[in-house]
Amino acid sequence: MAPPSSSDHPAAAAVEAAGAISKVLIVIAMQTEALPLVNKFQLVEAPTDESVFPKGAPWTRFHGNYKGLHIDLVWPGKDPVLGVDSVGTVSAALVTYASIQLLKPDLIINAGTAGGFKAKGAGIGDVFLATDVAFHDRRIPIPVFDSYGIGARKTFATPNIVKELSLKVGKLSTGDSLDMSPHDESAILSNDATIKDMEGAAVAYVADMFSTPAIFVKAVTDIVDGEKPTAEEFLQNLIAVTMALDVAVTKVVDFISGKCISEL
Ligand code: ADE
């Protein structure tokens, strides 16, 4: 039997018909993670008064052409009241929804940082491509609603990217907290996750809804099953690990250039 490939994914059909990938949407939660890629791809910020996004939304879009691809990089922006990055599932789902509707990407790359489990082989600075995503903080102990809450799904398979770029692979578990409660911990274990973030499963939910292939590139800033307090370790490693993330995302985009979806 032939091994499963990216062309087996239902989201592949529409893009496949069109040939080479032309529009890539990068969804990134934090400004610190986004700006090096904006510079690398020489993207320009879309002026607020010409924004494709609805008035009032803090979402920010950078765009440009890079190696034959049109790249839109969207960032949910700063919380209008508190002035911090709008991290988490709500903002990620909203900006992904609006971006799919308005920008019609062929492929989504959700890039960001994540906590990693050393017991599952993650180390600081490792970059993972997530094979699966699920939520760990949506507990609904009623038959079938329980599975809906967990929202486990396979991501768009990219065996050639994994092979070519020697990225690590693992399952990603998403929740709206940086730290990990005992409830979260048992759900993450049951999701069999190697990495933990605050956006991935939400982006995947929206991408699947609109049959848009999505891949998840996550770099490890902190070891969740280690000794150090998560917030401290995250902040300590954020800048250095963001560099590793940006190198990996650039390699992924370079690989995508000129290819069609079934070649990923
Ligand atoms: N992003 C970086 N580290 C994280 C963690 N430990 N949990 C959730 N998101 C993260």
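A residue counts as buried if 20 or more other C-beta atoms lie within 10 Å of its own, exposed if 12 or fewer, and partly exposed in between, with C-beta atoms placed from the backbone. Keep that handy for Ala202. This is a predicted model, where local features need pLDDT of at least 70, side-chain atom pairs count only at pLDDT 80 or more, and totals for chains, interfaces and linings use all residues. Residues are numbered from 1 along each chain as its sequence is written.

Ala202 sits in helix 7 (residues 200-209); helices here are DSSP runs of H or I, at least four residues, and strands are runs of E, at least two, numbered from the N terminus. With 26 other C-beta atoms within 10 Å, Ala202 is buried. Leaving aside residues up to four places away in sequence, Ala202 touches Thr89, Ala92, Ala93 and Thr174, contact meaning C-beta atoms, placed from the backbone, within 7 Å. Gly88 is 114 residues from Ala202 along the chain, yet their C-alpha atoms are separated by 8.6 Å.

Now look at helix 2 (residues 31-40) and helix 8 (residues 230-256): their axes come within 9 Å and cross at roughly 45 degrees. Axes are lines fitted to C-alpha atoms, for helices over the stretch in contact, and angles run from 0 to 180 degrees between N-to-C directions. On the helix 2 side, Thr32, Glu33, Pro36, Leu37 and Lys40 do the touching, and they meet Leu238, Thr242, Leu245, Asp246, Val249 and Thr250 in helix 8.

Key. Contact = placed C-beta atoms within 7 Å.
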